[in-house]
Amino acid sequence: MKVLVPVKRAVDYNVKIRVKSDQSGIELNNVKMSMNPFDEIAIEEATKLKEAGIVTEIIAVSIGPDKAQETIRTAMAIGADRGILVQTDAPTDIGGVEPLAVAKTLKAIVDKEKPDFIIMGKQSIDDDSNQTGQMLAALLGWAQGTFASELEIKDGKAIVTREIDGGLETIALALPAIITTDLRLNEPRYASLPNIMKAKKKELTVMTPEELGVDLTPRLSIVKVAEPAERVGGGKVSSVDELIDKLKNEAKVI
Ligand code: AMP
């Protein structure tokens, strides 16, 4: 089986985000970029399925600047067999290409590559959209299993355990299907040095959106990006009576 894993180059999760002074986006100068963490989980899951003999080929796809080749190489060092970069110079300080345009591009890749299923992140940590997987499922007319915490591929079906509000839900999806990863699906491995070296030799195709016939013109415009409100520090009370007094007279909640 062939599996497609979209991987996004995003601001590293350890970076303290700074908003640009004109509130048009976030500062990216000298900021560390890495693979979106949910996509690392997706690559890990695809790699485990390959090790189990269920998957035969993993293709990592990224839509972004030339530098996103590094993200694809990281995916290859974990387990992807080959990579495709759809190169675009769309600004990355507002989270890169918007979800609908990413979904349309991925659909064009799916039409060419005909994968049996797609594993992708539930969310990018830069734009927090949580939309691309769902939009792609709609464009393709495929089933979707979002927020997966367990995945089994069996008898032509994807059995997905989903994290939902009150607990866990298990669903069976007819393939082809889209699975989006939640945090507890697995713990991605660190790429070993020999695998990083091997990844440099794997096939990476660079294409343009025009070659795929997709139009990435944004439909959304960012009105403004602002820092979150500063948190006001908590305080300690010395007795239950003082707490009740504060709840009654200061917070006015009882
Ligand atoms: P989002 O809808 O932006 O929160 O992203 C959800 C998932 O879509 C991510 O975890 C990636 O798997 C995929 N994705 C989003 N943007 C890109 C991109 N530019 N290149 C490759 N994959 C992407």
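Helices (H or I, at least four residues) and strands (E, at least two) are DSSP runs, numbered from the N terminus. The structure is a predicted model, in which local features need pLDDT of at least 70 and side-chain atom pairs count only at pLDDT 80 or more, whereas totals for chains, interfaces and linings use all residues. Residues are numbered from 1 along each chain as its sequence is written, and side-chain values use heavy atoms, with hydrogens and water left out.

**The whole chain**

Begin by displaying the chain as a cartoon. Seven helices and 11 strands are present in the chain. Its C-alpha atoms fill a box of roughly 65 × 45 × 40 Å, taken along the principal axes. Of the 254 residues in the chain, 43% are buried (under 20% relative accessible area; exposed is over 50%, and partly exposed is in between, with a 1.4 Å probe and protein chains only).

**The ligand and its shell**

Next, select the ligand. Where does the ligand sit? The ligand is in the largest cavity. A cavity is a set of points, on a 1 Å grid over the protein atoms alone, where a 1.4 Å probe fits but cannot get out. A molecule sits in a cavity if more than half of its atoms lie within 2 Å of the cavity's grid points.

Then inspect individual atoms of the ligand. A ligand nitrogen atom is 2.7 Å from a polar backbone atom of I63. A ligand oxygen atom lies 3.1 Å from a polar backbone atom of G121, and an oxygen atom of the ligand is 2.7 Å from a polar backbone atom of N130. The protein covers 99% of the 480 Å² of accessible area that the ligand has on its own, as computed by the Shrake-Rupley method with a 1.4 Å probe.

**Backbone features**

Select L175 and P176. A cis peptide bond joins these two residues, with omega at about 5°. P176 belongs to the loop between β9 (167-174) and β10 (177-181).

Move to K114, in the loop between α3 (99-113) and β6. K114 is not a glycine, although its phi is positive, at about 50°. Is K114 buried or exposed? Its relative accessibility is 59%, so K114 counts as exposed.

F147 also has a positive phi, near 55°, in a residue other than glycine. F147 is part of strand β7 (residues 143-154).

**A side-chain contact**

Select D12, in the loop between β2 (9-11) and β3 (33-35). D12 counts as buried because its relative accessibility is 7%. The side chains of D12 and S34 are joined by a polar contact of 2.5 Å. Such a contact is a pair of N or O atoms within 3.5 Å; within protein, one must be able to donate a hydrogen and the other to accept it, and residues adjacent in sequence count only if both atoms are side-chain atoms.

**Residue pairs along the chain**

The last stops are pairs to be shown by their C-alpha atoms.

- T105 lies in helix α3 and is buried, with a relative accessible area of 0%. T105 and P209 are 104 residues apart in sequence and 7.1 Å apart in space.
- V55 is located in the loop between α1 (37-51) and β4, and at 3% relative accessibility it counts as buried.
- V7 occupies the loop between β1 (2-6) and β2, and it counts as buried at 3% relative accessibility. V7 and I43 are 36 residues apart in sequence and 8.3 Å apart in space.
- D66 is found in the loop between β4 and α2 (68-78); at 41% relative accessibility it counts as partly exposed. D66 and V86 are 20 residues apart in sequence and 8.8 Å apart in space.

Note on methods. 1 Å grid on protein atoms, 1.4 Å probe; cavity = no way out; pocket = protein on both sides within 12 Å on 5 of 7 lines; lining within 4 Å.
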